[in-house]
Amino acid sequence: MDEAGTERMDTNTVLQLNSVSKNFGGLQAVCDVQMRVTHGQRHGLIGTNGAGKTTLFNLIAGDLPVSTGTIVLFGTDVTTMPVHKRTRLGLRRTYQTPALFNGLTVRENLYLALLGNDPPMRHLSCWKSAFKDTEKLNLVQSTAETVELSRRLDDKVGDLSHGERKQLEIGMVLSTNPRLLLLDEPAAGLSVHEREVMKDLLRSIASDITLFIIEHDMDMVIHLADRITVMYDGVVLAEGDPKQIQADPDVQRVYLGEAINGTGA
Amino acid sequence: MNAESVSRRSMLLLALLLAAVIPWIVPNFYTFLLTKVLFLSLASASLILLAGYGGMLSLAQVAFYGVSGYIVAYLALRTGVSFLPTVILAILGATITGALFAFIAVRTSGLYFLMMTLALGQIAFFGAFQWARITGGYDGMVGIPAPVVFGQVMASGKAAYYFTLVPVLAGFYWLHRMVRSPFGVALQGIRDGDVRMAALGFNVKVHRFLAIVFSAMIAGAAGVLSTYFYGMMSPQLVSLGAAVTLLFISLLGGIARFEGALIGALVFVLLEDYASVFTARYNTIIGLFFILVVLFFPKGIAEIFRRKKRAVL
Ligand SMILES: Nc1ncnc2c1ncn2[C@@H]1O[C@H](COP(=O)(O)OP(=O)(O)OP(=O)(O)O)[C@@H](O)[C@H]1O
Ligand SMILES: [Mg+2]
């Protein structure tokens, strides 16, 4: 249904993928993916294990180069742009297994997320104490409260629980006022309680921040997303609103059937 | 300011006071050993900045050390260049060497980075041998006169001690500030996750580049001090053996933090002095000691003095 909009980029489009493919040697991990994410959307990305979801995120963020196709972010062709420059456009991501700075404290991790947003010359200041940057440290404090980590600020991140690490990761990307957030399975491996905390956290994200979320927890996707893309073996199998996706026979066959039966929902 | 930081501050003041008066308390021979501890600890700190804070283990520090050392030796023996420009040119030489090296090396990390540093160290070593017209080859350069600072000849043991103490303190103070600065905290972030740092908007290559350049600068300063201290410069000081000794000192004290540099250098110099009595078993004694430390204090001797985990911020 998006065929007509492929060439035209209206200002409402945050992310546009044009025939994006990625091969690893002989393996076609992402195959000719065509899709669009619009401003303010809660866009879910689901699919079986190995469907190519994380690879697609790696392509969008620039962690991996595309094999073919182009990626347009906020109206700019970023296909060959390095990671840190895409970040500067307002893109932030989290990882399937939280990638944090284990040797540093929660405070320092949150601080670095904010520092990354500063002009590059400020990253290289090597005399002024980071500890005296009260403006940032206040923001760190309030972010920690948002993600329920204010009591852990002085603890090393290596000592956090899995759930706390997931919360911290969200805090790190949220505090920077991103325009587009890529969240790779934010609820994976969380306990029932932590899952509720995460759900509330994601729902509380300001509506002008566009979310693109990979999530296996169907319940979560259905409640959070207003649009869902289904991937299977590297290709986009279906796209639509949650109701359409739940009703789609193809999707039921390859994905929802197993998932719904599997979780007993 | 809490009680802990007050007690840390008074400890530091006490240590500084002790460092200032110790040549008047201990016999001259120990002043001589302590001077050695000072510049070795600065060299070790340059490695700790890269390895402990930046995650870049390096065997190239001796190359930077060597470049500045040879510049001092050459200028002092063969030209009439005076003290201050000599020092500036020497440190500049080490810094430029660091920048040229960093330009290539930032593309690599981990084991590959280590191999590149090994290669640079070896180039410096063989360069020192081969370029005999400038470096004096195997014999090196001897008889470098004591530096003259503000009209004072820094010849006596005490003068040499203070001549070394002041720049070493300044170096450590800068390093101390650096690892608490935005640059330093980000450097530690890169150590823990370079991909993630790029995703936060940091230019990891520029950061690594600068860390290597700073480290070369500090290693260069240590090289200047060492050359004036010994009054000579020779290829042995830039050999693989010297690189390993520096690594040994840093691991001994604890490569994760700068305290390790001071403790490592102190223990090493005392150990070396003690072991040198038993010429034949010298290496065995040092090796054995190292094994014991690694077994019981894998994070280095400095770990004993750290009661509580402390954060940078
Ligand atoms: N860097 C890589 N090198 C080689 N193959 C890779 C690489 N990254 C992913 N793959 C392969 O690409 C395919 C897609 O992997 P991807 O991680 O994108 O799947 P996914 O949809 O995120 O799955 P999951 O739900 O398990 O996270 C898999 O077969 C995987 O083994
Ligand atoms: Mg994945």
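Select residues 42-47 and 227-232 of chain A in this predicted model. These are strand S3 and strand S9, which run parallel and are joined by five bridges. Now pick out Gly44(A). Which residue is its bridge partner in S9(A)? The partner is Ile228(A).

S3(A) and S9(A) belong to an open sheet of six strands, in the order S6-S7-S8-S3-S9-S10. The pairing in this sheet is mixed. Look along the sheet to see the twist, which averages 15° from one strand to the next. Then colour residues 91-93 and 235-240 of chain A, which are strands S6 and S10. Both stand at the edges with a single partner strand each, so one side of each has no neighbour in the sheet.

Follow the chain on to Thr176(A). Is Thr176(A) buried or exposed? Its relative accessibility is 5%, so Thr176(A) counts as buried, the cut-off being under 20%. Show its contacts beyond four places in sequence: Arg92(A), Ala113(A), Leu114(A) and Asn117(A).

**The four-stranded sheet**

Next, select residues 13-24 and 27-38 of chain A. The stretch 13-24 is strand S1, and 27-38 is strand S2. S1(A) and S2(A) pair in the antiparallel sense over eight bridges. Click on Thr13(A): opposite, in S2(A), stands Thr38(A).

These two strands are part of an open sheet of four, ordered S2-S1-S4-S5 in chain A. Here the pairing is antiparallel. Which strands stand at the edges? They are S2(A) and S5(A), the latter at residues 76-77. Each has a single partner strand, so one side of each is left without a neighbour in the sheet.

Now show helix H1, residues 53-61 of chain A. H1(A) lies across S1, S2 and strand S4 (68-73) of chain A. H1(A) runs at about 115° to S1(A). How many of its nine residues are buried? The count is eight, so the helix is mostly covered. Among the buried residues are Lys53(A), Leu56(A), Phe57(A) and Ile60(A). Step past the end of the helix to Gly62(A), which has a positive phi, near 95°.

**Two domains of chain A**

Zoom out and colour chain A by domain. Domain 1 covers 1-90 + 178-265, and domain 2 covers 99-177. Their centres, taken over C-alpha atoms, are separated by 26 Å. Where the domains meet, domain 1 of chain A supplies 18 residues and domain 2 of chain A supplies 20. Together the two bury about 1,300 Å², with 67% of it on carbon and sulfur atoms. On the domain 1 side, select Arg88(A), Pro178(A) and Leu201(A). These lose the most area to domain 2 of chain A, together 40% of what that side buries.

**The nonpolar cores**

In soluble globular proteins, nonpolar side chains tend to be buried together. Which residues have the most contacts inside the largest nonpolar core here? Select Phe183(B) and Phe258(B), within a core of 91 residues. Helix H2 (residues 28-53) of chain B gives the largest share of this core, 14 residues. A second, separate core has 48 residues, including Leu174(A), Ile209(A), Leu211(A) and Val185(B).

Return to Phe183(B) and show its contacts beyond four places in sequence. On chain A they include His123(A), Leu124(A), Ser125(A) and Cys126(A). On chain B they include Met178(B), His207(B) and Phe214(B).

Select Lys36(B), found in H2(B). Lys36(B) is buried, with a relative accessible area of 14%. Beyond four places in sequence, Lys36(B) touches Phe229(B), Tyr230(B), Val269(B) and Glu272(B).

Finish at Gly127(B), in helix H5 (residues 110-130) of chain B. Gly127(B) is partly exposed, at 29% relative accessible area.

How values were computed. Residues are numbered from 1 along each chain as its sequence is written. Chains are lettered from A and ligands numbered from 1 in the order in which they are written. This is a predicted model: local features need pLDDT of at least 70, side-chain atom pairs count only at pLDDT 80 or more; totals for chains, interfaces and linings use all residues. Side-chain values use heavy atoms; hydrogens and water are left out. Two strands pair if DSSP finds at least two bridges between them. Contact means heavy atoms within 4.5 Å. Axes are lines fitted to C-alpha atoms, for helices over the stretch in contact, and angles run from 0 to 180 degrees between N-to-C directions. A nonpolar core is a set of buried Ala, Val, Leu, Ile, Met, Phe, Trp, Tyr and Cys residues joined through side-chain atoms within 4.5 Å. Buried means under 20% relative accessible area, exposed over 50%, partly exposed in between (1.4 Å probe, protein chains only). Domain bounds come from an automatic or database domain assignment. Buried area is the accessible area (1.4 Å probe) that two parts lose on being put together, summed over both.
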